[in-house]
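Please keep the sequence and the structure in view while reading.

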Amino acid sequence: MEALISIEGVYKKYGQEEVLKGVDLEIFRGETILIFGGSGVGKSVLLRLINGLEKPDKGKIRIKGQEITRLNEYELAPVRKKIGFLFQGSALFDSMTVEENVSLPLLEHSKLSPSARKKMVKLLLELVELDYEADRWKRPSELSGGMQRRVSLARTLILNPEIVLYDEPTTGLDPVKADNICRLIKRFQYKQGITSVVVTHDMVAAEKIADYMAMLYNGSIIISGTSDDVQQSQNPVVQQFIRGDSQFPVTK
């Protein structure tokens, strides 16, 4: 079976700092894969490369068999329509209402009438368990962190993407709100067949949502597999991270 997303020998450097040093990873349709690792190891960089927001210095990235690293912005546009991106911190526009935030992709990428856009926004807000009538006129500053994340998720899903990239979706949320986001990620995977790539260092969330996991360390993937594979790994770097043990002896 061909991978939906294939990453082969990807390198990325900023100035003198080589962040990614030959990343290889395959992601298959309908699964949720979690990419974990410490802060600053290049997890978010990898998401931006998958979405074509940045280009690797070396290596190939294929989406549905199409090599995207050499495409220009015009050629990338139809590829990006298949990919939703939930940014860290929600990235909502404070000057817009909830309804305006969620409908923005439809204004930019569809020719739907105002009434059709309204129906779509109502459907998506209900899917992420928000009250359309009560919440649609609110501004992001009037919402809790968990509600902001759900509004952002509704906006991400409104163009019906095949792939959704989540950048630290539970960061800054209390355990109950984080659990709600995890549940919604799995719900959309099961009900809509969405392939999810989740970047996080939250191992509690990881256990709840991941079909497969991959750890990024020192520029490359050092383990990939199921949760059990990761838990049973004898690699001291992996064990240090999943235990959260700052005293465990790890060297680069």
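**Strands, sheets and helices**

In strand β8, Ser 196 is the residue that stands opposite Val 164. That pair belongs to the contact between β7 and strand β8 (residues 195-200), which pair in the parallel sense over 5 bridges. The model is predicted.

- Strands of a sheet are paired through backbone hydrogen bonds, in either a parallel or an antiparallel sense.
- Strand β3 (residues 32-36) runs parallel to β9, and 4 bridges join the two; Ile 35 has Ala 214 in β9 as its bridge partner.
- Strand β9 (residues 212-217) is mostly covered, since 5 of its 6 residues are buried.
- The pairing of β9 with strand β10 (residues 220-225) is antiparallel and extends over 5 bridges.
- Ala 214 has a bridge partner in β10 as well, namely Ser 224.
- Together β9 and β10 form a hairpin with 2 residues between them, and Asn 218 in the turn has a positive phi of about 50°.

**The sheet of 4 strands**

- This open sheet has the order β2-β1-β4-β5, with antiparallel pairing.
- Its edge strands are β2 (17-27) and β5 (66-67); each has a single partner strand, so one side of each is left without a neighbour in the sheet.
- Strand β1 (residues 5-14) and strand β4 (residues 58-63) run antiparallel and are joined by 5 bridges.
- Opposite Ser 6 stands Arg 62 in β4.

**Helices lying across the sheets**

- Helix α1 (residues 43-50) lies across β1, β2 and β4, and it runs at about 120° to β1.
- Val 45 has its place in helix α1.
- Is Val 45 buried or exposed? Its relative accessibility is 8%, and because buried means under 20%, Val 45 counts as buried.
- Leaving aside residues up to four places away in sequence, Val 45 touches Lys 12, Tyr 14, Val 19 and Leu 20.
- Val 45 and Lys 55 are 10 residues apart along the chain, and their C-alpha atoms are separated by 9.8 Å.

**Helix α6 and helix α7**

- Helix α6 (residues 145-157) packs with helix α7 (residues 175-192) at an angle of about 15°, and their axes are 10 Å apart.
- That angle makes α6 roughly parallel to α7, because angles under 35 degrees count as roughly parallel.
- The crossing in which α6 passes α7 is right-handed.
- On the α6 side, Gly 146, Arg 149, Arg 150, Leu 153 and Leu 157 take part; they meet Lys 177, Ile 181, Leu 184 and Phe 188 in α7.
- The residues of this contact of α6 with α7 comprise 5 nonpolar, 1 polar and 3 charged.

**Helix α3 and helix α6**

- Helix α3 (residues 98-109) packs with α6 at an angle of about 30°, with their axes 7 Å apart.
- The helices α3 and α6 are therefore roughly parallel to each other.
- Their crossing, that of α3 and α6, is right-handed.
- Val 98, Asn 101, Val 102 and Pro 105 of α3 make the contact with Val 151, Ala 154 and Arg 155 of α6.
- In this contact of α3 with α6, the residues divide into 5 nonpolar, 1 polar and 1 charged.

Conventions: Residues are numbered from 1 along each chain as its sequence is written. This is a predicted model: local features need pLDDT of at least 70, side-chain atom pairs count only at pLDDT 80 or more; totals for chains, interfaces and linings use all residues. Side-chain values use heavy atoms; hydrogens and water are left out. Axes are lines fitted to C-alpha atoms, for helices over the stretch in contact, and angles run from 0 to 180 degrees between N-to-C directions. Angles under 35 degrees count as roughly parallel, over 145 as roughly antiparallel, 65 to 115 as roughly perpendicular and the rest as oblique. A crossing is left-handed if the near helix is turned anticlockwise from the far one by less than a right angle, and right-handed if clockwise. Contact means heavy atoms within 4.5 Å. Ala, Val, Leu, Ile, Met, Phe, Trp, Tyr, Cys and Pro count as nonpolar, Asp, Glu, Lys and Arg as charged, and the others, Gly among them, as polar. Two strands pair if DSSP finds at least two bridges between them. Buried means under 20% relative accessible area, exposed over 50%, partly exposed in between (1.4 Å probe, protein chains only).
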